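Walk through this model with me.

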Amino acid sequence: QVQLVESGGGSVQAGGSLTLSCVVSGSMNNHHPLAWFRQAPVKEREGVAAIVGRTIRRFADSVKGRFTISKDNGENTLTLEMENLKPEDTAMYYCAASATDDVSWSALLRSDYYNYWGQGTQVTVSS
């Protein structure tokens, strides 16, 4: 059974930074996609960033150049570094893991590609 536990959310002013972490436990190898999603009130869940192995990373257009995704395989930790935060980044952030190691670039930011989810951590950005 795969479990994901997020931490690091909080409240910041616009222009500030936050780093989210997600500890992944269970049977996941380096070829299984991991990702961060977010969901704001009355909005659909959207993919923010995804990572596979050491070289594949995909970002939503809205966060390119501001967010960085990385993982520490030794610590089984997925990290999302967020800089220059904007009020529209306010949302509940979730980490997710896919049970498949058949990587699909087009699916990396789709929620239906992922099987395991954390409970979320809130990020609030004030103007």
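Cysteine 95 is buried, at 0% relative accessibility. Buried means under 20% relative accessible area, exposed over 50%, partly exposed in between (1.4 Å probe, protein chains only). Cysteine 22 is also buried, with a relative accessible area of 0%. This is a predicted model: local features need pLDDT of at least 70, side-chain atom pairs count only at pLDDT 80 or more, and totals for chains, interfaces and linings use all residues. Residues are numbered from 1 along each chain as its sequence is written, and side-chain values use heavy atoms, leaving out hydrogens and water.

A disulfide joins cysteine 22 to cysteine 95, S to S 2.0 Å. The term covers a pair of cysteine sulfur atoms within 2.5 Å. The structure holds one disulfide. Cysteine 22 sits in strand S3 (residues 18-25) and cysteine 95 in strand S9 (residues 91-97), so the link ties together parts 73 residues apart in sequence. Strands are DSSP runs (E, at least two residues), numbered from the N terminus. The link of cysteine 22 and cysteine 95 is right-handed, with 50 degrees about the S-S bond.

Now turn to arginine 66. It lies in the loop between strand S6 (56-59) and strand S7 (67-72). Arginine 66 is buried, with a relative accessible area of 8%. What does the side chain of arginine 66 reach at 2.9 Å? The backbone oxygen of serine 62. The arginine 66 side chain also makes a polar contact with the side chain of aspartate 89 (2.8 Å). A polar contact is a pair of N or O atoms within 3.5 Å; within protein, one must be able to donate a hydrogen and the other to accept it, and residues adjacent in sequence count only if both atoms are side-chain atoms.

Notes: Helix = DSSP H or I, 4+ residues; strand = E, 2+ residues; numbered from the N terminus.
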